[in-house]
Amino acid sequence: MKIGFIGAGKVGTSFGKFLINKGFNVVGYSSRGKTNLENTVKFTNTKKFSSVDLINECDLIFLTVNDDSIKSVLDESIMSFEKLVNKTFIHMSGAHSSRLLMNAYEKGAKVYSLHPLQSVSSIENAVKDFSNSVFSIETINEEIDENIQKILDILKSYFKIDSDKKAIYHMAASVFSNYLNTLMDFGLELTSSLDIDKKFAFEAMKPLIYSSLKNIENNGVENSLTGPLSRGDVNTIKTHLKTYEENNKNFEEFYRFMGLRTMDYIEKNGILDETKIDELRNTLEEK
Ligand SMILES: NC(=O)c1ccc[n+]([C@@H]2O[C@H](COP(=O)([O-])OP(=O)(O)OC[C@H]3O[C@@H](n4cnc5c(N)ncnc54)[C@H](OP(=O)(O)O)[C@@H]3O)[C@@H](O)[C@H]2O)c1
């Protein structure tokens with residue numbers, strides 16, 4: 001099975017190298033700019049192709065261009081092909097389904113989206129990290145074919161996603177990954193208002209952050225909440241809210257929103273009685 005990549009960026013280069021390290025026959029790349037393409041073929045010890053030649057040469061073609069270009073790059077690359085039977089096209093976007101590759105599917109190709117639940121910023125690190133990544137696979141074909149199964153078999157773990165559910169899947173990944181930044185930013189904004197250096201503050205909070213994650217890992221998310229809301233300490237919450245009146249108003253809405261969302265969690269998991277929940281909700285809502 002010959003494999004090629006259209007798009008010599010971070011994911012295309014690192015996943016190609018990962019496949020080569022696992023014994024797959026990655027023959028080469030085509031891309032837009034010269035520099036990344038040159039670096040990639042050198043790094044992977046493969047060849048440069050035009051996208052049309054790459055499709056002719058390969059059985060499996062990964063489209064690892066930025067999400068907004070996947071459809072147009074595919075359409076342009078397959079324009080001169082009347083039929084694409086025995087060809088497989090795969091993109092690696094988390095947000096989109098394989099329907100983005102519909103024009104190849106209609107010419108007889110098999111189409112997939114294969115997404116690593118991993119952030120890729122360094123190519124060298126990603127090549128190693130893919131060994132521990134969990135991937136999702138999605139397809140509009142009837143079933144997963146033999147060639148794709150060979151790739152899935154070398155992954156540590158993977159799961160299947162319905163084509164209609166990819167947006168929800170990607171939203172979940174964004175919450176776990178990107179919104180964690182938002183939470184950290186919120187916390188660091190508060191420590192900065194105490195004139196504590198951000199780097200130091202993060203180091204200081206790290207054991208707290210990691211122990212919260214460990215608790216979730218060990219006991220499940222529904223059994224791991226600690227802190228004033230879980231204890232029903234209304235006065236502590238009132239003290240928190242008072243600091244917003246006295247200091248800056250930044251993030252007040254977010255604090256109240258997260259508090260109310262936490263009350264939903266507390267109610268759902270039967271952590272406090274109804275009277276306490278009402279009292280805390282009223283405290284978080286009243287201005
Ligand atoms: N990075 C991540 O954390 C991550 C994680 C999971 C999945 N993904 C997915 O992986 C895919 C690639 O992302 P990436 O982070 O690797 O992006 P990237 O580093 O920006 O690479 C995109 C590559 O596509 C090439 N390209 C752009 N337009 C093109 C065109 N019209 N024709 C040919 N090549 C073109 C670019 O060429 P130039 O070299 O000329 O710019 C670049 O080499 C995306 O679908 C993304 O959603 C990314």
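Helices (H or I, at least four residues) and strands (E, at least two) are DSSP runs, numbered from the N terminus. The protein has 13 helices and 8 strands. This is a predicted model: local features need pLDDT of at least 70 and side-chain atom pairs count only at pLDDT 80 or more, whereas totals for chains, interfaces and linings use all residues. Residues are numbered from 1 along each chain as its sequence is written.

**View 1. Overall dimensions and domains of the protein.** The C-alpha atoms fill a box of roughly 70 × 40 × 35 Å along the principal axes. The radius of gyration, taken over C-alpha atoms, is 24 Å, while a compact globule of 287 residues would have a value near 19 Å (rule: 2.2 Å times the number of residues to the power 0.38). Domain 1 spans 2-161 and domain 2 spans 170-285, with bounds from an automatic or database domain assignment. Their C-alpha centres lie 40 Å apart.

**View 2. The shell around the ligand.** The ligand is surrounded by 25 residues (C-beta atom, placed from the backbone, within 6 Å), of which the closest are Gly7, Gly9, Val11, Gly33 and Asn36. At least two shell residues come from each of α1 (10-21) and β6 (110-116); α1 gives the most, with 3 residues. The shell divides into 8 nonpolar, 14 polar and 3 charged residues (Ala, Val, Leu, Ile, Met, Phe, Trp, Tyr, Cys and Pro count as nonpolar, Asp, Glu, Lys and Arg as charged, and the others, Gly among them, as polar).

**View 3. The crossing of α8 and α9.** The axes of α8 (residues 166-192) and α9 (residues 198-219) come within 10 Å and cross at roughly 115 degrees (lines fitted to C-alpha atoms over the stretch in contact; angles run from 0 to 180 degrees between N-to-C directions). Gly187, Leu188, Thr191 and Ser192 of α8 make the contact with Lys198, Ala201, Phe202 and Met205 of α9 (C-beta atoms, placed from the backbone, within 7 Å). The residues of this contact comprise 4 nonpolar, 3 polar and 1 charged.

Methods
Contact = placed C-beta atoms within 7 Å.
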